[in-house]
Structure formats: structure tokens, C-alpha cells
Amino acid sequence: MAVAKKEFQAESKRLLEMMINSIYTQKEIFLRELISNASDAMDKIYYKALTDDSLTFNKDSYYIKISADKENRTLTITDTGIGMTKEELESNLGTIAKSGSLAFKNENEIKDGHDIIGQFGVGFYSAFMVADNVTVITKALGSNEAYKWESNGADGYTIEPTEKDEIGTEITIKVKDNTDDESYDEFLEEYRLKAVIKKYSDFIRYPIKMDVKVSKPKEDADNEFEEVEEEQTINSMVPIWRKNKSELTDEDYQNFYQEKHYGFDKPLKHIHISVDGVVRYNSILFIPENMPFDYYSKEFEKGLELYSSGVLIMEKCADLLPDYFSFVKGMVDSEDLSLNISREMLQHDRQLKLIAKNIKNKIKSELQGLIKNDREKYEKFYESFGRQLKYGVYSDFGANKDDLKDLLMFYSSTEKKLVTLDDYVSRMPEDQKYIYYATGESNERIEKLPQTELVADKGYEILYFTEDIDEFAIKMLLNYKEKEFKSVSSGDLGLESEEEKKELEKDATENKELFDHMKSLLSDKVKQVRASKRLKSHPVCLTADGEVTIEMEKVLQQMPD
Ligand code: ADP
Ligand code: MG
């Protein structure tokens, strides 16, 4: 029987090419798409069984099987799902951007159908990134007829009757031959297929099986091994983030952290979020204990793994994390995001923006919780990432300062350890006007500065700024809880009483000649020489003029123009 070839519509042809070249940057994605479709097909039986008494859903009979045939260069993906009728083949695989799964969700009024992944109607065609021929053999639930759909890509497809025993779908792709620039062999390699399944489809809720070669001890001989084929389930199926927090132990989270290669260390803290509101998502975040070795290098890429209903969309979604929390590792899974979404589209996605904002606030409040309840842990965290928070306050013209000011810590002259600004302000004596700080290379050096003497003598606490960024960040804050920051080396420390001020004026007029002479000797090195009340044991000290302190001047002078 001659089989009539039907053409894709003209728009479809263009769409197919566009999609293949733009949505999918990595070829390996095709496997994720075919597996997702298989999973959807089995979910559909599950949903049908909920309302149809003549159907039973025995979870054990549902699986996906992947098999590669190197000799014939074919890869087959078999499922025991709902299958497709001839009409469905025609409409779902013959029309690009038509999603049978989306229609199914609508028809069956599955509102929280968060398990069904498909909705975009293009995933299937990604197979053509690696295949020059795709064959679909399928038998629909409740039908006695099986059909074969076949296509070589953009120029069309054929449908004809065929034989198939079981309900379900079998998709065979003929893997492209290698070209001078591209090799496709990897998609026939067991280890590679396993890795791709693990990477994208680890949390598909049906077993994804493969026959893998394993070496086993021979039964009749000691110390001898033979290679045998064994059917294995490759995916771990249950995503930990869908589990109830109360079921999970610290160790579970740690294992997840390591399995996912988020870091080699143990995480300092995990944050498990389940939100079911305007936007729905699950997320597990980790605050690492140590700074990643490449943290301040160009290679470091911030971002969280992004999943759509358990299927990986993106490994590092940068839009989910502000730069100042770039050290956070983890994942977000949302059923409100489409699997087939490009990076560009994601950037403008409203749902994603909501999630990002939510996550930011959550990280902040968890860190604040640590300050309150586990100061030691927070200090450890701050040692690794405090600098990043200070940069956060400083960058974007201080746009983030309100998010971060409560998280800052500095070494205190009186406490001899790191304190928060809130600690400082809540201890301030009533007559103290400013939050005092001193800058220098190290705490020891600052301690010896003559400028600190008078403030310390008053019994006031001084914050020690030893990093370049410290003072810049503080300048962005301007004040904390309405208390201004004041460098101990600034001109007016706000310490002198009216009486003392008068005395100083008197000193100045009486010694005018001496000071003028000193100034002319130092010529352009100083702006003014005057008497001071701030010195105790040192005869003289330098103070800064205006807003830029001596330390800041040093930093600014080192910067390239
Ligand atoms: P989406 O999954 O976003 O709907 P696809 O292009 O991946 O888009 O698939 C198109 C449609 O083809 C699906 O919605 C589904 O109706 C049908 N389909 C694809 N693969 C299978 C399968 N293995 N079993 C049953 N139906 C399938
Ligand atoms: Mg799909």
C-alpha cells in the first residue's frame, strides 16, 4: 500500500527549524523531552483511572525503557502510557506547537495537574536535533489498532497501520551519522545516556530502565568475572523537595547537597521552602560553609538549578539570586514554569521574578535567624561571605542596603569580637551621638591609633574597619537606626562640650602665630593646624577633611583612573 506523505504546514517548517536552533542549546535535551512525554502519557492513565471505574492503575506496570543499538545507530524509548489514536498522532505530532497534554489537562479539568509536564507542544521535535529519522509506534488505551508515524524531519510525515501488542508508545530515533564537526555517537553510549537521564530526569516518578552491562562473579568459578546485561532503574524517582520537611533529616539534606555536587564541604545551613500561593514552588537552598575555591574568579557562576515539575530546565538560573547572595546553592522546582522556555523568556517571566523575590527574603530572614539563635554559625558564615554582603550594600548605588544592613558585622573595640550594627546601637549610652568607627590594616594597628583614644576614653564602642570595602559600604548606609556613622579621624567628633569648644577657640587665637608658622612649614601637606582636645597620650594626630577619610583616600588613590 502506498502511503501518502503529509506535509507539515509551512509555518510549522519554519517553527521547527527555529525551535531546534534557539530553544535548545544542548542536543542532549532531546532525551529529557521524550522521557517527559512518556511520563505524561502514563500520568494520563493515572488521571483517567481516578474517574473511570473500569480502569485500574497499578503503578508497577508503568515504566520507561531506553535501549540503544549501536550497530543500527538507533535509540528506542518505550513507555506503557496512554498511547495515541490515529487522530491524536495526526494532531499532536503533525502540528507543531500543539500540545495534547495541555488539552488533556483542560478537558479533564486537572487544575493542580502539576505532574503533567507538557504544555508547549514542541518538545517532541527536539528529537530531530540528533535524529535524521523518527518512528513512533503507538497503541492507544481502549483501542485495538496500532499506528506507525514516521518522519525525516521538516519535510513531513507518514502514518500507517501497524502491529503492537501492548498499550503504549515506542519511539525509535535513527541517530545521525557523524559529520566533520559533530559527533552523535555519544547518544548511543550507555554511560552517556545514563548521565543524561540522571541529569534531567532523575525525579521522573516512573522508573526509567536500561539494560546495562555489569560484571558479575562467575557462578562456577572463583575469582572470575563475566560481563552480563542487567536491567537497572536509572532514576531516583522521588524528589526530596516534594517530601515533607518532617520526614527529612539533616543527613538527607547533606546527601542531596553532595549528590548534586553543590559543594565538597558540608552545608552550613539548609532552607527548605514549599510555597503554594500566587506562585507555587518548592525549593531547597544551601548556605555553604566555605567559600568555593573559584568564588572570586571569572569561572564562578552564580545561580540555582531550575526545574519544571521535576524536570531540569536550567542548571544555573542566575535570575533567581541577587549577586550578594551568589554563594547560595540549591534548586527551585515550579509547576508554573514551562519546560520549553528560553533563557531570554525566563528573564522576563513574572512567576520567576516572584520566586526570586521570595527566595531573597527567605535567605535574608534565615540569616537573621542565625544571628539571633546561632551566633557562632553566623560568624563562621560571615567569615566566608561577609565581604560579599558588604559589596552588596555598596553596589547598585546602595539599592540593596535595606536588605543587608542587619546582616553586617564588624569587630568591636569593647566586645573584642564581631558585632552587628543592632548590637552596637542597642548598647549606645544616651549621650552618644554617633556610631564610631576607625579604619586601618588590622585590629592591632587600629587599637594603637591616636584617633581612637578620645572616643574610647569616653567609654564609647568603636567598630574596626579592616577591609577596603567597609567604609565604602558604610558611606552608602549613611546611618543605622537614625544614628550616623562617624570616623574617629573626622574633624568634628561631636564629643566636646560647649565649654571645651570655647577653650579650643581661645587656644587657637592665643597660638595663632605658632599654628600659622607650622602650616607654612608643612605647606601643601595639610590644610590646617589647630589645637585639639582629643589627644591623651599622643602629642599630635592627623584628621581628615570632609567626608573622605584618610583610609578611603588611600584606596581611591590605588584605583586605576
Ligand atoms: P508537549 O509535551 O509540551 O505537549 P510535545 O511536542 O513534547 O509537547 O508533545 C506533543 C504531544 O504529543 C503531547 O502533548 C502528547 O499529546 C503527544 N505525545 C508525545 N509523546 C507521547 C507519548 N510517548 N505517548 C503519548 N502521547 C505522546
Ligand atoms: Mg513534551
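First, the conventions. Residues are numbered from 1 along each chain as its sequence is written, while chains are lettered from A and ligands numbered from 1 in the order in which they are written. Since the model is predicted, local features need pLDDT of at least 70, side-chain atom pairs count only at pLDDT 80 or more, and totals for chains, interfaces and linings use all residues.

On confidence: pLDDT is the predictor's own score for each residue, from 0 to 100. Its mean over the chain is 86, and 89% of the residues reach 70 or more. For the complex, the predictor gives an ipTM of 0.99 and a pTM of 0.73.

Now the ligand. I call a residue near a molecule or strand if its C-beta atom, placed from the backbone, lies within 6 Å of it. There are 23 residues around ligand 1, and Asn37, Ser99, Gly100, Gly118 and Gly123 come nearest. Helices (H or I, at least four residues) and strands (E, at least two) are DSSP runs, numbered from the N terminus. Helix 2, helix 3 (86–94) and helix 4 (100–107) each supply at least two residues of the shell. The largest share, four residues, comes from helix 2.

Next, the core. Buried means 20 or more other C-beta atoms within 10 Å of the residue's own, exposed means 12 or fewer, and partly exposed is in between, with C-beta atoms placed from the backbone. A nonpolar core is a set of buried Ala, Val, Leu, Ile, Met, Phe, Trp, Tyr and Cys residues joined through C-beta atoms within 7 Å. The largest one has 116 residues, and those with the most contacts inside it are Ala127, Tyr436, Tyr437, Ile462 and Leu463. Helix 2 (residues 29–51) gives the most to this core, with nine residues. Contact here means C-beta atoms, placed from the backbone, within 7 Å. Leaving aside neighbours within four places in sequence, tyrosine 436 touches Val455, Tyr460, Ile462, Leu463, Lys486 and Val488.

Which residues of helix 6 are buried? In helix 6 (residues 250–259) they are Tyr253, Phe256 and Tyr257. Seen down the helix axis, these buried residues fall within an arc of 100 degrees, so they line one face of helix 6; the arc is that of the directions from the axis to the C-beta atoms. The face turned away from that side carries the exposed residues Glu251, Asn255 and Glu259. The cover over the buried residues includes strand 9 (267–276) and strand 10 (280–288). After helix 6 comes histidine 261, with a positive phi near 60 degrees.

On to sheets. Two strands pair if DSSP finds at least two bridges between them. Six strands form an open sheet of mixed pairing, in the order 15-14-17-16-19-18. Its edge strands, each pairing on one side only, are strand 15 (418–420) and strand 18 (479–480). Strand 14 (residues 409–412) runs antiparallel to strand 17 (residues 462–465), joined by two bridges, and serine 412 has leucine 463 as its bridge partner.

Elsewhere, six bridges join the antiparallel strand 4 (residues 146–151) and strand 5 (residues 157–162). They form a hairpin with five residues between them, and glycine 153 in the turn has a positive phi of about 120 degrees.

Last, arginine 73 has a positive phi near 55 degrees. Arginine 73 counts as partly exposed because it has 19 C-beta neighbours inside 10 Å.

Note on methods:
Contact = placed C-beta atoms within 7 Å.
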